[in-house]
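Subject: Structure for you to look at

Hello,

Here is the structure I said I would pass on. Please open it first, then read the notes below it.

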Amino acid sequence: MIARVRAASSSRPLLLFAALIACAPAASSETTDAPLEQASTHLALALDAPHHATGRLIGWNIGRGTYYAPAGDPLHPEWRSPAREAAAAQLAAARPPTGAAPYVRFSGLQIDGALGGDGYHFWDWVDPSRDVAGDDNMATFEYFALVDDVAAAPLVTLNFGSGTASEAAAYVTHLAGEDPADPGVAARHHWGRVAPYDVAVFEIGNEVHSLWNTGYSDHGPYSYANPAAQHGGDPAWYGRPTADPADYAARALEYIATVRAVHPQARFWVPISMASMDGWGGIAEAVPALEPLLVDPAVEAVVVHHYQVDDGELLGLAELNDPRFIVAGSEVFAAGFDELRELLDDLDRDPPLGIVITEYHVAGFFAGARFTRGEQAVVGLGIADMMISYARHGIAHAAQHMALNFEDSGDLLFESWYNPFRIDGAGAVVPAASYQATALIAAHLHARTVLPEVTQATEGAVAVFGEERAVPRVSAVAFVDDAGAAGSLVALHRDFEEEAPLTFDLPAGWAVAEVSAYAPPRLEHDVVVDGPVALQALSWEQVGGRVALTLPPHSLTAVALTCCE
């Protein structure tokens with residue numbers, strides 16, 4: 001094959017972004033005999049030898065500040081606003097070519113309780129005799145309305161820090177039980193849901209490895225380990241908080257046994273650390289202490305949470321708003337993910353445990369008001385950096401933290417940049433940078449992941465540990481479908497000033513079909529002030545199996561590939 005492809009003047013909509021953003025123009029080709037020399041960044045894509053299965057890297061974590069309801073909700077009809085319905089529809093559109101449903105998690109420190117506070121007690125919200133109050137949280141049928149509208153699979157977090165195993169079993173019975181004489185099942189029927197919810201995966205607590213979790217100590221007024229807890233605590237576990245990973249493991253096994261008694265097919269994910277890998281003093285100590293839990297066949301994954309700049313601060317990041325770290329910080333965490341994978345693979349179990357990310361974003365609660373880039377396009381590039389890293393590391397699932405609230409909710413753990421959408425000056429719901437990057441990657445996530453072989457590379461730097469650290473200026477990953485007929489290359493260009501010539505080699509029979517780029521005109525681009533960033537069509541050249549193109553500064557580029565027509 002000898003072809004040169006250039007952007008044409010005509011244009012057509014990119015399906016995933018129809019009615020959302022300006023579309024990229026199509027491309028046309030012309031023949032050329034000119035050879036293509038390797039660029040300063042050169043990759044080889046072994047699309048015929050994929051490395052591992054691609055995980056469910058599109059998912060959403062319903063954070064505090066999100067309120068949603070089904071049509072005709074008897075409690076809070078105001079929670080089903082047109083803006084939230086429009087947002088849910090756009091979330092449903094962001095999914096991979098495989099059609100795999102994303103997980104939606106409900107979710108977060110609101111479940112276990114944060115900073116000594118109480119957590120989520122499901123009966124408070126599904127009790128048929130409950131009253132409506134201004135500080136209500138979502139009931140089961142309300143948060144499942146969002147799961148349904150996103151056409152997602154539910155991931156339910158069980159209250160560990162301020163709850164009990166018996167409460168968890170009652171919760172699961174409410175969700176999946178079939179005996180109408182059971183109070184929990186009767187409550188589900190009362191709120192309009194007769195059939196059991198199709199829920200199979202449960203997370204046992206939230207960030208139980210860290211001191212801000214209510215159950216981490218035995219002193220908090222709602223901690224299960226406190227004999228003087230306001231709810232009575234959990235007597236069998238007084239004085240045994242989650243600060244000791246062995247105590248967490250033993251109590252989590254009790255949760256598994258109790259839940260499986262009412263839902264025999266339930267599967268479980270268990271928290272282990274933030275991306276800084278310092279949970280319980282470090283994963284090298286935590287994994288052996290957790291081993292009795294981790295080898296249980298009902299446990300299928302360990303949970304890591306990743307907030308790029310918050311976790312970076314734990315590793316010595318001095319400037320939370322440094323855009324270089326936002327778009328390249330994943331390189332700093334790579335060694336920790338590699339170590340965790342090795343520790344899990346050494347466990348005596350089959351199949352090996354997966355690693356899942358049930359919360360991630362560029363910044364979180366601890367960055368708070370100090371993070372000043374939340375409305376900027378650089379957030380989307382940071383999301384892309386994290387997603388590319390997850391694909392490369394074989395992460396089995398990733399849920400982006402979000403809050404579908406278009407007002408300042410005043411809730412703890414609610415930050416404005418968690419919303420993947422904004423309301424523009426005309427009142428329309430428009431995609432924020434985080435959603436634009438997520439949706440572009442989603443459209444190119446095929447079933448198998450290919451790790452490009454880097455034969456030439458240029459480097460940039462990020463500052464951490466008080467010094468500059470070299471990182472690749474271009475971070476890339478490739479994907480291929482099971483049939484070997486379609487594939488993609490996703491590349492993040494981290495340089496803020498210069499373009500990046502890129503070449504890559506394809507196996508015989510493969511060709512480029514289209515190249516689309518999210519390339520904001522500046523890092524500070526604000527979707528409300530400046531409008532959504534239009535996807536660009538990039539030109540490329542292909543001679544035989546070699547392809548050349550130029551990546552714009554601070555950009556995310558997706559290359560669609562086809563084979564053997």
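Predicted model: local features only at pLDDT ≥ 70, side-chain atom pairs only at ≥ 80, totals over all residues.

**Helix H4 and what follows**

H4 itself spans residues 140-149 and is mostly covered, with 8 of its 10 residues buried. The buried ones in H4 are Thr140, Phe141, Glu142, Tyr143, Phe144, Ala145, Leu146 and Val147.

**Ile283**

Ile283 belongs to helix H8, which covers residues 283-294. Is Ile283 buried or exposed? Ile283 has a relative accessibility of 2%, and buried means under 20%, so Ile283 counts as buried. Which residues does Ile283 touch, once its neighbours within four places in sequence are left aside? They are Ser273, Met277, Pro288, Gly336, Glu339, Leu340 and Leu343.

**Helices H12 and H13**

Next, look at helix H12 (residues 378-392) and helix H13 (residues 433-442), whose axes come within 7 Å of each other and cross at roughly 40°. The crossing of H12 with H13 is right-handed. On the H12 side, the contact is made by Val379, Gly380, Ile383, Ala384 and Met387. On the H13 side, Ala433, Ser434, Ala437, Thr438 and Ile441 take part. Sorted by class, the contact between H12 and H13 has 7 nonpolar residues, 3 polar ones and no charged ones.

**The largest pocket**

The largest pocket has a volume of about 620 Å³. It is lined by 33 residues, and the closest to its centre are Gly354, Ile355, Gly394, Ile395 and Ala396. Which element gives the most to the lining of this largest pocket? The answer is H11, with 4 residues. Strand E4 (52-53), strand E9 (267-274), strand E10 (299-307), helix H11 (330-345) and strand E11 (354-361) each supply at least two residues of that lining. By class, the lining of the largest pocket has 16 nonpolar, 8 polar and 9 charged residues.

**The cavities**

How many cavities of 30 Å³ or more are there? The count comes to 2. The largest cavity has a volume of about 100 Å³. Of the 18 residues lining the largest cavity, Glu375, Gln376, Ala432, Ala433 and Val527 are the closest to its centre. Ala433 is also one of the H13 residues in the contact with H12. H13 provides the largest share of the lining of the largest cavity, 3 residues. That lining divides into 9 nonpolar, 6 polar and 3 charged residues.

The second largest cavity has a volume of about 60 Å³. Its lining is made of Ile111, Tyr120, Thr157, Leu158, Asn159, Glu167, Ala168 and Tyr171. Strand E7 (153-158) and helix H5 (165-176) each supply at least two residues of this lining, and the largest share, 3 residues, comes from H5. By class, the second largest cavity is lined by 5 nonpolar, 2 polar and 1 charged residues.

Regards

Definitions and conventions:
Residues numbered from 1 in each chain as written. Heavy atoms only, no water. Axes fitted to C-alpha atoms, helices over the stretch in contact; angles between N-to-C directions. Left-handed = near helix turned anticlockwise from the far one by under 90°. Contact = heavy atoms within 4.5 Å. Nonpolar A, V, L, I, M, F, W, Y, C, P; charged D, E, K, R; others polar. Buried < 20%, exposed > 50% of the residue type's maximum accessible area, 1.4 Å probe, protein only. 1 Å grid on protein atoms, 1.4 Å probe; cavity = no way out; pocket = protein on both sides within 12 Å on 5 of 7 lines; lining within 4 Å. Points joined across faces, edges and corners; volume = space filled by probe spheres on them.
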